[in-house]
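Hi,

Here's the structure I said I'd pass along.

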Amino acid sequence: MTSTVPAAALASDRPADHPILRRVLHAIHLGRAQGFHFPSNFLAISFDHVAPAGSVTTLKGAPLRADGGVDPVGLDVLADLALAASVRSALQQAVRLATVNLQLQFTGAACDGPLRAVSHFHGFLRDTAGQQAVASVSVRSGEREIALGSGTFMVLDLPPGARVPVLSAIEPPAEADWAGLALPAPGGLEESEAAIYAQALKALRTGGMENFSEAFWGFRTRASARGASGTLRNGAHLGNRVGHVQGGVLLAFAQATAQAALPGDWPVSSVTAGFVSPGEGEQLRARSRIMHRGRTTAVVRTEITGVDRRRVLEVMTTHSLRKRETAQG
């Protein structure tokens, strides 16, 4: 779709003229202040209450799709970070968490507002060489449960020079408050920050407001005879705090490729992911293969590879045929 955004709104010296560019620059500002990664800050993920039991994490910046569903990147990043939040609160020390596995069951309920995730820390795996923490999560939109799941995280030392992230509550500025907010100037951005801003400009020009999310994250998928394939050009807008593609973004890329293997009336109903290695490399590739397609359920296996074709993520998704609406007489 051709962008309908006025050229002046995309000019690098007029970022405040466009709401998406304001969000991008505000997320960059939050990254400088709190040390957290861009996907979380751009999606306005707020750590409202951090505790081993009952951590509350909300998603305030992801737009709803036209069909009432939430942006898959937003949902997956929220689930990943909510699970990790309860673990971090239990450890009470400066560490890095690497996602080992993550499972999500979707209910199919429609979203009607901000998503709220409540997570619980369940302790550590016993008798393992590395310390692995287990957590569970429930994601809701109002009174509706959208997804429930669990995850396991490897507890690692922080790399030298890495900042400890600040898990704090945030509130995206209201429309009337942007004028008084000091945003970073596009001309003064560091190299990685400038790359994020350039990606946002490109996404607005190619996707417009309506398709910004899809163009910005950059998933490219296409169906094949036995499944589907996908490509994802790596960049600073996708990275976690150590520069690897963030786990929730990886999961959403796998889901998008798996979804491309089947018609649109076969939505993903559950996902089970095993994280094998960091998401590194100039470009990541995904391959999905339909393992089973019955009358009402299907199973798709997806593999993501990165630098030197090293396996990054293994995912199994189940899909459920959507009920056809009956004609009203």
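First, something to check in your viewer: is Ser89 buried or exposed? Bear in mind that this is a predicted model. Ser89 comes out buried, because its relative accessible area is 11%, and the cut-off for buried is under 20%. You'll find Ser89 in helix α4, which covers residues 72-91. A polar atom of the Ser89 side chain sits 2.7 Å from the backbone oxygen of Ser86. If you skip the neighbours within four places in sequence, Ser89 is in contact with Val50, Ala51, Pro52 and Ser55.

Staying with α4, there's also its packing against helix α7 (residues 247-260): the angle is about 135 degrees and the axes are 8 Å apart. That angle makes α4 oblique to α7. The crossing of the two, α4 and α7, is right-handed. On the α4 side the contact uses Pro72, Val73, Asp76, Val77 and Asp80, and these meet Gly247, Gly248, Val249, Leu251, Ala252 and Gln255 of α7. Sorted by class, the α4 and α7 contact has six nonpolar, three polar and two charged residues.

The other pair I looked at is helix α2 (residues 19-34) with helix α5 (residues 191-207), where the axes lie 10 Å apart at an angle of about 160 degrees. α2 and α5 are therefore roughly antiparallel, and their crossing is right-handed. Ile20, Leu21, Val24, Leu25, Ile28 and Arg32 of α2 make the contact with Glu193, Ile196, Tyr197, Ala200, Leu201 and Leu204 of α5. The α2 and α5 contact splits into ten nonpolar, no polar and two charged residues.

Cheers

Definitions and conventions
Residues numbered from 1 in each chain as written. Predicted model: local features only at pLDDT ≥ 70, side-chain atom pairs only at ≥ 80, totals over all residues. Heavy atoms only, no water. Helix = DSSP H or I, 4+ residues; strand = E, 2+ residues; numbered from the N terminus. Buried < 20%, exposed > 50% of the residue type's maximum accessible area, 1.4 Å probe, protein only. Polar contact = N/O pair within 3.5 Å; in protein donor to acceptor, adjacent residues only side chain to side chain. Contact = heavy atoms within 4.5 Å. Axes fitted to C-alpha atoms, helices over the stretch in contact; angles between N-to-C directions. Parallel < 35°, antiparallel > 145°, perpendicular 65-115°, else oblique. Left-handed = near helix turned anticlockwise from the far one by under 90°. Nonpolar A, V, L, I, M, F, W, Y, C, P; charged D, E, K, R; others polar.
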